[in-house]
Amino acid sequence: SSGINAEWPLRPGDNMTIPKKGKIYSINEGNAQYLDNRLQRYLNDCKFPKDGSKPKSARYVGSMVADVHRTICYGGVFMYPANSLSPNGKLRLLYECNPMAYIVEQAGGKAVTGRGDERVLDLLPTKLHERCPIYLGSSDDIDVILSYLKE
């Protein structure tokens with residue numbers, strides 16, 4: 001025996017819900033220069049809040065599953081938006097965005113494309129490897145992002 005407790009922390013019937021608001025944002029900021037100015041303004045306000053509150057924490061593993069798991073557990077947002085290099089986003093709708101959007105929505109969060117209020121789960125795939133932008137996580141945090149994107 002290795003002495004490692006390999007028991008899975010979630011069991012069938014566990015009711016996992018995402019907090020309505022979080023303190024973490026997750027995005028590949030290495031692409032910041034290619035992002036829409038409105039999203040750049042949101043990220044800047046996360047780091048330097050105008051109201052004097054504590055800044056949000058940036059966390060980005062680079063693995064969507066790990067980043068979304070943390071987002072569900074602690075709240076906040078995961079973003080892989082469209083940018084000037086990838087105007088349709090980078091992640092695949094059918095087997096990356098849709099499964100994670102479904103899980104987040106089942107946990108009480110939101111998953112949107114950033115194109116108005118369009119839900120990821122409302123998109124009908126037209127190609128197997130079709131890409132889409134995605135913002136998912138705590139519902140209040142997603143609403144804030146959408147307000148920036150509507151400016």
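The following exercises, each with a worked solution, concern a predicted model.

**Exercise 1.** Determine where S138 is found and whether S138 is buried or exposed.

*Solution.* Next, consider accessibility. The relative accessible area of S138 is 0%, and a residue counts as buried under 20%. S138 is therefore buried.

**Exercise 2.** Identify which residues S138 touches, and state which backbone oxygen lies 2.7 Å from a polar atom of its side chain.

*Solution.* Setting aside residues up to four places away in sequence, S138 touches I18, P19, K20, K21, G22, G75 and G76. Among these residues is P19, and the backbone oxygen of P19 lies 2.7 Å from a polar atom of the S138 side chain.

**Exercise 3.** Describe how α1 and α4 pack, and classify the residues of their contact.

*Solution.* First, take the geometry. Helix α1 (residues 37-47) packs against α4 at an angle of about 135°, and their axes are 8 Å apart. This angle makes α1 oblique to α4. The crossing of the two helices is right-handed.

**Exercise 4.** State which residues of α4 are buried and which elements they pack against.

*Solution.* The buried residues of α4 are S139, D141, I142, I145, L146, Y148 and L149. Their packing partners are α1, β3 (77-80), β4 and β5.

**Exercise 5.** Describe the crossing of α2 and α3, and give the classes of the residues in contact.

*Solution.* The axes of α2 and α3 come within 11 Å and cross at roughly 15°. α2 is therefore roughly parallel to α3. The crossing is right-handed. On the α2 side, the contact is made by M64, V65, V68 and I72; on the α3 side, by E96, C97, M100, I103 and V104. By class, eight of the residues are nonpolar, none is polar and one is charged.

**Exercise 6.** Name the buried residues of α3, the elements they pack against, and the glycine that follows the helix.

*Solution.* In α3 (residues 93-106), the buried residues are L93, C97, N98, M100, A101 and V104. They pack against α2 (64-74), β4 (110-112) and β5. Finally, G108 follows α3, and its phi is positive, near 100°.

Terms used: Residues are numbered from 1 along each chain as its sequence is written. This is a predicted model: local features need pLDDT of at least 70, side-chain atom pairs count only at pLDDT 80 or more; totals for chains, interfaces and linings use all residues. Side-chain values use heavy atoms; hydrogens and water are left out. Buried means under 20% relative accessible area, exposed over 50%, partly exposed in between (1.4 Å probe, protein chains only). A polar contact is a pair of N or O atoms within 3.5 Å; within protein, one must be able to donate a hydrogen and the other to accept it, and residues adjacent in sequence count only if both atoms are side-chain atoms. Contact means heavy atoms within 4.5 Å. Helices (H or I, at least four residues) and strands (E, at least two) are DSSP runs, numbered from the N terminus. Axes are lines fitted to C-alpha atoms, for helices over the stretch in contact, and angles run from 0 to 180 degrees between N-to-C directions. Angles under 35 degrees count as roughly parallel, over 145 as roughly antiparallel, 65 to 115 as roughly perpendicular and the rest as oblique. A crossing is left-handed if the near helix is turned anticlockwise from the far one by less than a right angle, and right-handed if clockwise. Ala, Val, Leu, Ile, Met, Phe, Trp, Tyr, Cys and Pro count as nonpolar, Asp, Glu, Lys and Arg as charged, and the others, Gly among them, as polar.
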